[in-house]
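Welcome! Let us walk through this structure together, one piece at a time.

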Amino acid sequence: PEQPPWWTRAVVYQIYPRSFMDSDGDGIGDLGGVLQRLDHLSDLGVDVLWLSPVYPSPQADNGYDISDYQDVDPLFGSLAQLDELIAELHGRGMKLVMDLVVNHTSDQHPWFRESRSSPDSPKRDWYWWRPPRAGLPAGAPGAEPTNWHSFFSGPTWTLDEAGGEYFLHLFDRRQPDLNWENPEVRHAVYAMMRWWLDRGVDGFRMDVINLISKDVGPDGELRDGPPLPGLPYGDATTSVVCGPRSHEFLQEMHREVFDGRRESLLLVGEMPGVTVEEARLFTDPARAEVDMVFQFEHVGLDFTGSKFSPRPLRLTDLKASFGRWQAGLADVGWNSLYWDNHDQPRAVSRFGDDSPRYRRDSATCLATLLHLHRGTPYVYQGEELGMANTRFDGLDDFRDVESLNHHAQAVAHGEDPDTVLAAMRRMSRDNARTPVQWDAGPTAGFTTGTPWIAVNPDAAEWNAAAQRDDPHSVLAHHRRLVALRHADPVVALGDFTMLLPHHESVYAFTRSLDGSTLLVVCNVSAHEYRLGELLPEMGGGELVLGNLAVEDPAVLRPWEARVLRVG
Ligand code: TEU
């Protein structure tokens, strides 16, 4: 029988370089810092490093606005250091996956500058240029070519005064969308990707790759989306999420870039709004598109409409979502497993309990839950330390373009500034972007200078140095989870069966492979439960891994997680 792909047993660690480790004292993390901290990764046992963008960039969206795809921004270091990183990782048996941001470029990319220079530019059609809406003068209210709302607030169109036309940007106005309909664009991207593979990188995490195909009519027309409640805009997603040529483009990319080298690579498609059915198509190995999706359903259950309208999360909703994805990709396809990344609030604050009493226990409980599902787990820097949401006193403490744009728009539309700030404290991406807490020193050991965003005030207590040699720590627990996936094929490949789908606090499931079964029981609450009452038929079992010392095998303590071999 065919060997399962290596990444079914792998764990990915994500570095957001700006916040990981600063080696030169400018307050911004860099490649030198990553190189200094590689022991932390080896010690954790992870297999792959996914590095968020380090390319030259004006940093409007912290590097997700790229102005040169084939270099390293001096802010982060040099190409020579990137080569060194590749060699160091390979020497330690790890791989490097680069962030590939090709739905859009920076507005400072030479391609866009050229495109903008004139309607007759040979690169005009590399981006989406459109005249004002029929009957309205350029710049008039509502004259944008479509009514679409940007992911980062405001319209998705900005007028270029000089040329009199609008350009499309699904994100910030400094992130114009590339026109993938144009084959020159696609082949330029493929050439760039081959250049990176030839340099030795082991794959790509493809940013919003399911937005590259827009639903464009035969005469180039883009259509309005359904109105969004409470906003003077419409929903763009019906026209841009998993558009009609998405699969065709990814298959073409595969042929042009990955053929012949696919086995050793990791190809991850980050896909907001992707459905299970679409994900099956994107990750069916027979179709040769990507290896796994990075989907958003479970991080969209604690708000209504916009992420800045939070509501309480119900565990039953979370279980239903995970269960649907586990079932939908059971026989074909593959999923990424994550709680945290640079776009999400901190997991222990969002899904766990970051009060002193339960912070360590809930962080380890959540980790157990996640790593025991079928799929490839992703650990985001600091998650392995139980890092939590930070304290934002006022607007000045925020840095992220999404948060700042949202604040400006919401306040302009008459929302109460305190309510807007409260939602930002809870949901802002900046929660994930505070410096990694290495030790109890000033700036948590992150920099000798002034950090670009304030260190979380809890760093004196919650840091890597304090946890490294403590077998009870969140860090030690993550180490055990990574090792378990490496050692036990049931964790990597076993079938998944959800138990107790309607229980409000206990998350339980089994994983089975070749007659061997693991039972995973996690108490996602501060109450106690009697195991015998929950799962009477599942008595006994050998404890493979747990997050608390078991005092009474019959009692599941607050935030306790157990992995038991039951067959
Ligand atoms: O994120 C894609 C994405 O869907 C996010 O914009 C998401 O909508 C938002 O962050 C949730 O609040 C990717 C990158 O991960 C993100 O950092 C970039 O800002 C974005 O693409 C644009 O490149």
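Met206 stands opposite Gly269, a residue of strand E8. The two strands concerned, E7 (residues 203–206) and E8 (residues 266–270), run parallel and are joined by four bridges. Here helices (H or I, at least four residues) and strands (E, at least two) are DSSP runs, numbered from the N terminus, and two strands pair if DSSP finds at least two bridges between them. Before we go on, please note that this is a predicted model, in which local features need pLDDT of at least 70 and side-chain atom pairs count only at pLDDT 80 or more, while totals for chains, interfaces and linings use all residues. Residues are numbered from 1 along each chain as its sequence is written.

Met206 has another partner too: it is the bridge partner of Leu100. Three bridges join strand E3 (residues 95–100) to E7, and these strands also run parallel. Strands of a sheet pair through backbone hydrogen bonds, either parallel or antiparallel.

Now look at the whole sheet. Eight strands form an open sheet with parallel pairing, in the order E9-E8-E7-E3-E2-E1-E11-E10. At its edges are E9 (292–294) and E10 (336–337), each of which pairs on one side only.

Are the two faces of E7 covered or uncovered? Both are covered: Gly203 and Arg205 on one side, and Phe204 and Met206 on the other, are all buried. A residue counts as buried if 20 or more other C-beta atoms, placed from the backbone, lie within 10 Å of its own.

In H4 (residues 110–117), Trp111, Phe112, Ser115 and Arg116 are buried. Seen down the helix axis, the buried residues of H4 fall within an arc of 125° (taken from the directions from the axis to the C-beta atoms), so they line one face of the helix. They pack against strand E5 (157–160), where contact means C-beta atoms within 7 Å.

Helix H15 (residues 474–487) has 14 residues, which at 1.5 Å a residue should span 20 Å; its end C-alpha atoms are 20 Å apart, which agrees. The expected span is 1.5 Å times one less than the number of residues. Among the buried residues of H15 are Val474, Leu481 and Arg485. The buried residues of H15 fall within an arc of 160°, so they too line one face of their helix. Their packing partners include helix H2 (38–44) and strand E11 (376–380).

Finally, find the ligand. Of the 13 residues around the ligand (C-beta within 6 Å), Asp61, Tyr64, Phe171, Pro272 and Asp343 come nearest.

Definitions and conventions
A residue is buried if 20 or more other C-beta atoms lie within 10 Å of its own, exposed if 12 or fewer, and partly exposed in between; C-beta atoms are placed from the backbone. Two residues are in contact if their C-beta atoms, placed from the backbone, lie within 7 Å.
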